[in-house]
Amino acid sequence: MNILLISGSTREGSLNKSLLDAAAEEAHNLNHKTEHLSYQLASFPLYHSDLEEDAAVQNQLSLLRQQIEAADVILISSPEYNGFHTPHLHNVFTWASRRAAGKSHSVLEGKVVGLLAAAPGPFGGVRMLPRLSSFAADHGCWVHPRYVAVGNMASKTDDNGQVTCAETRQKLRNLIDQICKMATPSQVAEPA
């Protein structure tokens, strides 16, 4: 499976980037391929319909669509901002939800999504995750019903930001395994 990793944070030293890096390692251990949404593709200007005609934005949007289309599943990790996902992540979804010319649906529709959150406090983004799940589902995504919310994240990483907590890594493996199974087409026998 090809897994697209999207961070809701662009901050250097982001706890959510560390969590996604650990998820990438666990995905590779399960023989899956991963790709991070590039910073260039994540740094769209704030959505405004007048910008859709701009050639540079159209090129950036085309690359975003290609990266999402190539993914079998999407794994998103976002910090919680006042109980919600980040404006940055909201903006990426807004751009990706725009249908390409001649298409009947956006590249997000039908994608299987897993959700993660990391926070320095004890709750690990648990208020935000159900809202992000609903938001992704509103864009046509199939969202796995279980999340990985990691509280006190700084205590679960080393000085280089590497996740050292075995329990967190096991939760990541379990979620990755489940979302990849969810994205695998089932073999249904043809009726007689």
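Which residues point one way from β3, and which point the other way? Val-73, Leu-75 and Ser-77 point one way from β3, while Ile-74 and Ile-76 point the other way, and all are buried, where buried means under 20% relative accessible area, exposed means over 50%, and partly exposed lies in between (1.4 Å probe, protein chains only). This is a predicted model, in which local features need pLDDT of at least 70 and side-chain atom pairs count only at pLDDT 80 or more, whereas totals for chains, interfaces and linings use all residues. Residues are numbered from 1 along each chain as its sequence is written, and side-chain values use heavy atoms, with hydrogens and water left out.

**The sheet**

- Five strands form an open sheet with parallel pairing, in the order β2-β1-β3-β4-β5; strands (E, at least two residues) and helices (H or I, at least four residues) are DSSP runs numbered from the N terminus, and two strands pair if DSSP finds at least two bridges between them.
- At the edges stand β2 (33-36) and β5 (142-150), each with a single partner strand, so one side of each is left without a neighbour in the sheet.
- On average, neighbouring strands of this sheet are turned by 20° against each other, direction ignored.
- Strand β3 has five of its five residues buried, so it is largely enclosed by the rest of the structure.
- Five bridges pair β1 with β3 in the parallel sense, and in β3 the bridge partner of Leu-5 is Leu-75.
- Between β3 and β4, which run parallel, there are five bridges, and Ile-74 stands opposite Val-113 in β4.
- Strand β4 (residues 112-118) is joined to β5 by six bridges, and these two strands run parallel; the partner of Val-112 in β5 is Trp-142.

**Helices**

- Helix α1 (residues 15-29) lies across β1 (2-7), β2, β3 (73-77), β4 and β5, and runs at about 130° to β4; axes are lines fitted to C-alpha atoms, for helices over the stretch in contact, with angles from 0 to 180 degrees between N-to-C directions, and contact means heavy atoms within 4.5 Å.
- Helix α4 is mostly covered, since eight of its 10 residues are buried, among them His-88, Leu-89, Phe-93 and Trp-95.

**Aromatic rings**

- Three aromatic pairs are found in a search of the whole structure; rings of Phe, Tyr and Trp (its six-membered ring) pair if their centres lie within 6.5 Å, and planes under 30 degrees apart count as stacked, over 60 as edge-to-face and the rest as tilted.
- Phe-44 and Trp-95 form a stacked pair, at 5.1 Å centre to centre with 20° between the planes.
- Phe-44 lies in the loop between α2 (39-42) and α3 (55-70) and Trp-95 in helix α4 (residues 87-96), so the pair ties together parts that are 51 residues apart in sequence.
- The ring centres of Tyr-47 and Trp-95 are 4.9 Å apart and their planes stand at 75°, so this pair is edge-to-face.
- Tyr-47 is partly exposed, with a relative accessible area of 23%, whereas Trp-95 counts as buried at 0% relative accessibility.
- Phe-44, Tyr-47 and Trp-95 form one aromatic cluster.

**Cysteines**

- Zero disulfides are found in a search of the whole structure, a disulfide being a pair of cysteine sulfur atoms within 2.5 Å.
- The sulfur of Cys-141 is 15 Å from the closest cysteine sulfur, in Cys-180, which is too far for a bond.
- Cys-141 is buried, with a relative accessible area of 6%, and Cys-180 is buried, with 4%.
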